[in-house]
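Subject: Structure for your review

Dear colleague,

Please find the structure below, handed over for your review. My findings follow it.

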Amino acid sequence: MEGLHTISQFQVFKNRKTILKNPLPFHRANFQKYGDIFKVRVGFRKAVIFTRDATIIKHILQKQQKKYQKSELQTVDLAKYVGHGILTTNGEHWRVHRRMVQPAFHKKKLQGLLGIMKQAIQSELKKIKPGATQNVFPIMGDLAFQVVAQALFSRSDIQKDMEQLQDFTERNQKMLIKEMRQPYLKWWFNLSGEIKKHLDLAEQGRIILNDIIEERLLSKEDKDDLLDMLLNATYEDGTQMPRRQLIDEVLILFTAGHETTANALSFTLFLLAKHPNFQNRVLKEVENINFEDDDLMQCLSQLGYTKQCIEEALRLYPPAYVIDRTAIADDIVKGQKFPKDTLILMSIYELHRSSDFWDSPEEFNPDRFNPAFKKDYSNYYYPFGAGPRMCVGNNFAMYEMIMTVALIIKKFRLSTALKKVEVNPLISLKPIAVPLLFEER
């Protein structure tokens, strides 16, 4: 890795408060200063490569993806809190379980979940107070939470359990972020018992999920939901997933499934509130759509402009704002050597805002995703990742977001006095607060 500018541990320590709160400005400052790739020293003989180079990112995620795998940031650090599901594993273990989970998200299966999705969304939207300014983030959190709870478990009576689980995962995320951004304090986190306290929370979360699974098995009911599909999934030898593995997969689907969607919806609604011209175009598209029609998939297929607005919001605020990989073999990209075991952090946030690929990249402009004249963005647009590790629930999330935005804009006119939304980069990119005024149409 010759020729790369190296940021010293001292510089990291000097900026520790800023990095702990929000590392994105630190990333941007260094990208602007040193170009599309630089190195950060994080320990004795340990360094991390940061890049926003489109060619390198495509090479790692797609072209030569077999030479890379998820790093220990996910397979060890995150996994200790959320288990060894398809998000946090590599190799054969990942391949086997991805094949078992994948059928839950096939188009035909999703079509059967659209009614559940609509019901959960409409029920949550009744909680919005017309004429009042409300922070939309917790509302979207509850909405996405209910959609996933219904799709996974076919139940709305587990709110208390799920809220506990949500609280545990949120607290563990914050702990993990502290560990990642303050590696020099890892000894203290262990010595003080702070890590053990959070591991205990993770175990309590697993007990909640185990109780829900036990209840389902005892009921002998066939719900045809995602939990049923996972309970019936089998390995090649005909055996079913061990309970611990099943809990890990459910935990990943629950956590990732509602959190990233809640974030993306909050950012999308904020951007539409800030741009009434685009909001009116969404309204024009949705006002003649009858969601009481049985064919919900047909309804969604007519909402192309609504989808463009979401795609543009995902460009500006990608949930997976950084993607990590470790080289498992020596590799060279664009003349840059990546020896085996090199840890690479790819900034999707910076790539999505690069003027090399986007005109006026900081502006919200859904027209750039118009299929009539949109370019092929696949080389530098990764809202759901790319390659074999692309998010398994990307279609589920997109259907949910299109339906939610359409139903909200059909019912409410949105506006906001907020000039810029503050972000909180945890495992995914979250907004801090998004106050919107909802006026009934």
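At what angle do the axes of helix α14 (residues 276-286) and helix α16 (residues 304-316) cross? In this predicted model, the two axes cross at roughly 145° and come within 8 Å. On the α14 side, the contact is made by Phe278, Arg281, Val282, Glu285 and Val286, while α16 contributes Gly304, Tyr305, Thr306 and Cys309. Sorted by class, the residues in this contact are five nonpolar, two polar and two charged.

Helix α16 also meets helix α18 (residues 394-411), with axes that come within 9 Å and cross at roughly 115°. Because angles of 65 to 115 degrees count as roughly perpendicular, α16 is described as roughly perpendicular to α18. The crossing of α16 past α18 is right-handed. From α16, the residues in contact are Thr306, Lys307, Ile310, Glu311 and Leu314; from α18, they are Met398, Met401, Ile402, Val405 and Ala406. By class, the contact of α16 with α18 comprises seven nonpolar, one polar and two charged residues.

Turning to α16 itself, its length was checked against expectation. At 1.5 Å a residue, its 13 residues should span 18 Å, and the end C-alpha atoms lie 19 Å apart, which agrees. The helix is mostly covered, with 11 of its 13 residues buried. Those buried residues are Tyr305, Thr306, Gln308, Cys309, Ile310, Glu311, Glu312, Ala313, Leu314, Arg315 and Leu316. They pack against α14 and α18, and also against α13 (243-274) and α17 (348-351). Thr306 is listed in the contact with α14 and in the contact with α18.

A further site concerns strand β9 (residues 343-347), where leucine 345 is found. Is leucine 345 buried or exposed? Its relative accessibility is 13%, and since buried means under 20%, leucine 345 counts as buried. Leaving aside residues up to four places away in sequence, leucine 345 touches Val48, Ile49, Phe50, Thr51, Leu73, Val322, Ile323 and Asp324. One of these contacts, aspartate 324, is 21 residues from leucine 345 along the chain, and the C-alpha atoms of the two are separated by 4.6 Å.

Yours sincerely

Methods. Residues are numbered from 1 along each chain as its sequence is written. This is a predicted model: local features need pLDDT of at least 70, side-chain atom pairs count only at pLDDT 80 or more; totals for chains, interfaces and linings use all residues. Side-chain values use heavy atoms; hydrogens and water are left out. Axes are lines fitted to C-alpha atoms, for helices over the stretch in contact, and angles run from 0 to 180 degrees between N-to-C directions. Helices (H or I, at least four residues) and strands (E, at least two) are DSSP runs, numbered from the N terminus. Contact means heavy atoms within 4.5 Å. Ala, Val, Leu, Ile, Met, Phe, Trp, Tyr, Cys and Pro count as nonpolar, Asp, Glu, Lys and Arg as charged, and the others, Gly among them, as polar. Angles under 35 degrees count as roughly parallel, over 145 as roughly antiparallel, 65 to 115 as roughly perpendicular and the rest as oblique. A crossing is left-handed if the near helix is turned anticlockwise from the far one by less than a right angle, and right-handed if clockwise. Buried means under 20% relative accessible area, exposed over 50%, partly exposed in between (1.4 Å probe, protein chains only). The expected span of a helix is 1.5 Å times one less than its number of residues.
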